[in-house]
Amino acid sequence: MAAPGITINHHNQYKGGHALKESKFTNYDELPLFLNAKLVAQTLGIGLASAYELMHDEGFPSMRVGSRFVVPKDKFRRWVEQQTGGEN
């Protein structure tokens with residue numbers, strides 16, 4: 001179910017001289033139950049290296065499965081809402 005008022009859709013814009021990447025998704029329903037680093041990068045419109053860095057950050061809701069890090073979709077959604085001042 002998509003969050004009311006939240007659309008994951010970034011436009012190519014310039015910030016600090018760098019072009020921001022465009023998100024590949026338009027709502028949370030399009031995401032699988034668990035996101036890997038590539039999906040985190042595509043969803044947030046950031047580079048893969050930045051996604052790996054974020055997934056290793058203590059405040060980010062990633063979990064280790066074997067040697068891989070994944071993010072449960074529901075926890076990712078809550079994290080985005082907290083970062084953007086949305087629902088708690």
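In which handedness of crossing does α1 pass α2? The crossing of α1 past α2 is right-handed, a term used when the near helix is turned clockwise from the far one by less than a right angle, with anticlockwise giving left-handed.

The model is predicted: local features need pLDDT of at least 70, side-chain atom pairs count only at pLDDT 80 or more, and totals for chains, interfaces and linings use all residues. Residues are numbered from 1 along each chain as its sequence is written, and side-chain values use heavy atoms, with hydrogens and water left out.

**View 1. Overview of the protein chain.** Three helices and five strands make up the secondary structure, taken as DSSP runs numbered from the N terminus (helices H or I, at least four residues; strands E, at least two). Their order along the sequence is β-β-β-α-α-β-β-α. The protein chain has 88 residues, of which 33% count as buried (under 20% relative accessible area; exposed is over 50%, partly exposed in between; 1.4 Å probe, protein chains only).

**View 2. Packing of helix α1 against helix α2.** Helix α1 covers residues 37–44 and helix α2 residues 48–55; they pack at an angle of about 110 degrees, with axes 8 Å apart. Because of that angle, α1 is roughly perpendicular to α2 (65 to 115 degrees; under 35 is roughly parallel, over 145 roughly antiparallel, the rest oblique). Axes are lines fitted to C-alpha atoms over the stretch in contact, and angles run from 0 to 180 degrees between N-to-C directions. From α1, Ala37, Lys38, Val40, Ala41 and Leu44 meet Leu48, Ala51, Tyr52, Leu54 and Met55 of α2. The residues of this contact comprise nine nonpolar, no polar and one charged.

View 3. Leu48 belongs to helix α2. Its relative accessibility is 42%, so Leu48 counts as partly exposed. Beyond neighbours within four places in sequence, Leu48 is in contact (heavy atoms within 4.5 Å) with Ala37, Lys38 and Ala41. Leu48 and Ala37 are eleven residues apart in sequence, with 6.7 Å from C-alpha to C-alpha.

**View 4. Surroundings of Gln42.** Gln42 is part of helix α1. Gln42 is partly exposed because its relative accessible area is 22%. Glu22 lies 20 residues from Gln42 along the chain, and their C-alpha atoms are separated by 7.6 Å.

Key
Nonpolar A, V, L, I, M, F, W, Y, C, P; charged D, E, K, R; others polar.
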